[in-house]
Amino acid sequence: MKIFRNLEVRESITVGCDPGEGVSYCAAVAISQKYKDTPFTFHARIESSQFGYELYNIGLYVKKKTGEFPLLAVERNTGQATIAKLKDLDYPGDKLYKQKTFDRVAQKTEERIGWVTTAANRRKMLDDLALDIRNRVLKVYDEDILSEMLTFVINERTNEPRPESGRFSDLIMAMAISNQIVKETGSMAKWASQHEHKPEDKRRLPLIAE
């Protein structure tokens with residue numbers, strides 16, 4: 001785990017989590033809703049279930065620093081074991097991101113824990129991330145992320161963004177997930193009421209509505 005700055009009390013943190021598969025790494029990238037930066041990252045070649053343990057410990061770290069658990073958005077495509085381990089460890093259910101999906105058998109919309117990356121949303125999440133970085137909306141500190149960006153190119157055959165042969169994109173995908181969730185939950189943010197701040201404090205801390 002790399003920590004790039006201290007977290008603040010009541011700072012809302014969202015963590016995008018990309019469980020590894022095969023030789024890939026497990027990656028997690030945090031984004032602060034207050035500062036729109038990446039205060040810490042996690043990157044290791046471990047099993048998916050062990051990743052659940054690590055994310056739980058990351059949650060405890062953030063809780064100690066900010067007073068609340070971070071929202072974890074675990075990619076469900078390959079992260080079933082990660083999600084199961086987090087549930088076994090009693091990670092707060094309201095801090096596990098849930099995505100609405102349509103159950104064709106039951107013919108109804110349900111909420112399921114985790115983020116699903118599809119062919120339809122993958123290009124959008126990567127385009128949104130690239131635009132936010134170019135426009136300096138999102139601050140990135142991790143040199144490993146920057147290294148992945150330099151080898152993340154458009155495949156000439158498929159016209160899809162992919163890492164070069166022998167390279168990885170785990171951190172990029174984790175950050176793209178986190179960025180999408182921040183955009184989604186940001187619309188539900190509310191400003192802290194006036195009496196919660198000293199008169200001379202001109203900053204307003206965005207809180208996430210429960």
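Axes are lines fitted to C-alpha atoms, for helices over the stretch in contact, and the angles between them run from 0 to 180 degrees between N-to-C directions. In the predicted model described here, the secondary structure of the protein comprises five helices and 11 strands. Of the 210 residues in the protein, 43% are buried, and the accessible surface amounts to about 11,700 Å², with 50% of this area belonging to carbon and sulfur atoms. When contacts between residues at least 6 apart in sequence are considered, 60% of them join residues that are at least 24 apart.

Two packed helices are described by the angle between their axes and the distance between the axes. Helix H1, which spans residues 48-66, packs against helix H2, which spans residues 80-88, at an angle of about 45 degrees and with the axes 7 Å apart. Angles under 35 degrees count as roughly parallel and those of 65 to 115 as roughly perpendicular, and H1 and H2 are therefore oblique to each other. The crossing in which H1 passes H2 is right-handed. On the side of H1, the contact is made by Ser 48, Ser 49, Phe 51, Gly 52, Tyr 53, Leu 55 and Tyr 56, whereas H2 contributes Ala 81, Thr 82, Lys 85 and Leu 86.

Beyond its neighbours within four places in sequence, Met 125 is in contact with Trp 115, Thr 117, Met 173, Ala 176, Ile 177 and Gln 180. In the case of Ile 177, which lies 52 residues from Met 125 along the chain, the C-alpha atoms of the two residues are separated by 7.1 Å.

Positive phi values in residues other than glycine were also examined. Asp 90, which is not a glycine, has a positive phi of about 60 degrees; Asp 90 lies in the loop between H2 and strand E6, the latter covering residues 98-103, and is exposed, with a relative accessible area of 64%. For Arg 136, likewise a residue other than glycine, phi is positive and near 60 degrees. Arg 136 is found in the loop that lies between helix H3 (119-134) and helix H4 (143-150), and at 75% relative accessibility Arg 136 counts as exposed.

Methods: Residues numbered from 1 in each chain as written. Predicted model: local features only at pLDDT ≥ 70, side-chain atom pairs only at ≥ 80, totals over all residues. Heavy atoms only, no water. Helix = DSSP H or I, 4+ residues; strand = E, 2+ residues; numbered from the N terminus. Buried < 20%, exposed > 50% of the residue type's maximum accessible area, 1.4 Å probe, protein only. Contact = heavy atoms within 4.5 Å. Areas by Shrake-Rupley, 256 points an atom, 1.4 Å probe, with all protein chains shown as cover. Parallel < 35°, antiparallel > 145°, perpendicular 65-115°, else oblique. Left-handed = near helix turned anticlockwise from the far one by under 90°.
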